[in-house]
Amino acid sequence: MELALVIDLGGTNIKYGLCSKLGKLVYESSQKTEAHLGKVYVLKKILSISEETLLIAAKMGKTVCGIGLGSPGMVDITHHQLVGHGTNIKDWHTIHFKSEIGDQLKLPLYAENDANLAALGEACY
């Protein structure tokens, strides 16, 4: 079974997990964002969390087909990048999520505004 790595980035917590194509979470966890430490720190933390979660998927005998990331701020969904400012994370602006995270993990990445994804989730599930 293929899973997606899903990440909900907030100013207080980063919630993340592994989700089936039917929308069922098979693994979930969270960590403090530590937003006051800024953009570089938070991006490194997301990479670390992602690598740990990919190992968990492998131990489950599952493959991860891609990453879904919800971020505060205005996200250009065509280029998967933050084009505005996220007010709840220090220096959170102008981030190309695909190259900063997806390319590093060698997985396709879809980024969208976190509130838009929450609304989509409510509508679908």
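The model is predicted, so local features need pLDDT of at least 70 and side-chain atom pairs count only at pLDDT 80 or more, while totals for chains, interfaces and linings use all residues. Residues are numbered from 1 along each chain as its sequence is written, and side-chain values use heavy atoms, with hydrogens and water left out. Helices (H or I, at least four residues) and strands (E, at least two) are DSSP runs, numbered from the N terminus.

**Helix α2**

- Helix α2 spans residues 97–105, and its residues Phe-97, Ile-101, Gly-102 and Leu-105 are buried (under 20% relative accessible area, with exposed being over 50% and partly exposed in between; 1.4 Å probe, protein chains only).
- These residues lie on the same side of α2, because they cover an arc of only 85° around the axis (taken from the directions from the helix axis to the C-beta atoms).
- An α-helix has 3.6 residues a turn, so residues three or four places apart point the same way.
- The buried residues of α2 pack against α1 (39–59), β4 (63–71), β6 (81–85), β7 (93–96) and β8 (109–113), where contact means heavy atoms within 4.5 Å.
- Lys-106 follows α2 and has a positive phi, near 60°.

**Sheet β5-β6-β7**

- Three strands form an open sheet in the order β5-β6-β7, with antiparallel pairing; two strands pair if DSSP finds at least two bridges between them.
- β5 (75–76) and β7 stand at the edges with a single partner strand each, so one side of each has no neighbour in the sheet.
- Antiparallel β6 and β7 are joined by 3 bridges, and Leu-82 has Ile-95 in β7 as its bridge partner.
- α2 packs on this sheet, touching β6 and β7, and its direction makes about 35° with that of β7 (axes are lines fitted to C-alpha atoms, for helices over the stretch in contact, and angles run from 0 to 180 degrees between N-to-C directions).

**Cysteines**

- The structure holds 0 disulfides, a disulfide being a pair of cysteine sulfur atoms within 2.5 Å.
- The sulfur of Cys-19 is 9.7 Å from the closest cysteine sulfur, in Cys-65, which is too far for a bond.
- Cys-19 counts as buried at 14% relative accessibility, whereas Cys-65 counts as partly exposed at 33%.

**Nonpolar core**

- The largest nonpolar core has 28 residues, and those with the most contacts inside it are Ile-7, Ile-46, Ile-67, Trp-92, Phe-97 and Ile-101 (a core is a set of buried Ala, Val, Leu, Ile, Met, Phe, Trp, Tyr and Cys residues joined through side-chain atoms within 4.5 Å).
- Two or more residues come from each of β1 (2–9), β2 (13–20), α1, β4, α2 and β8, and α1 gives the most, with 6 residues.
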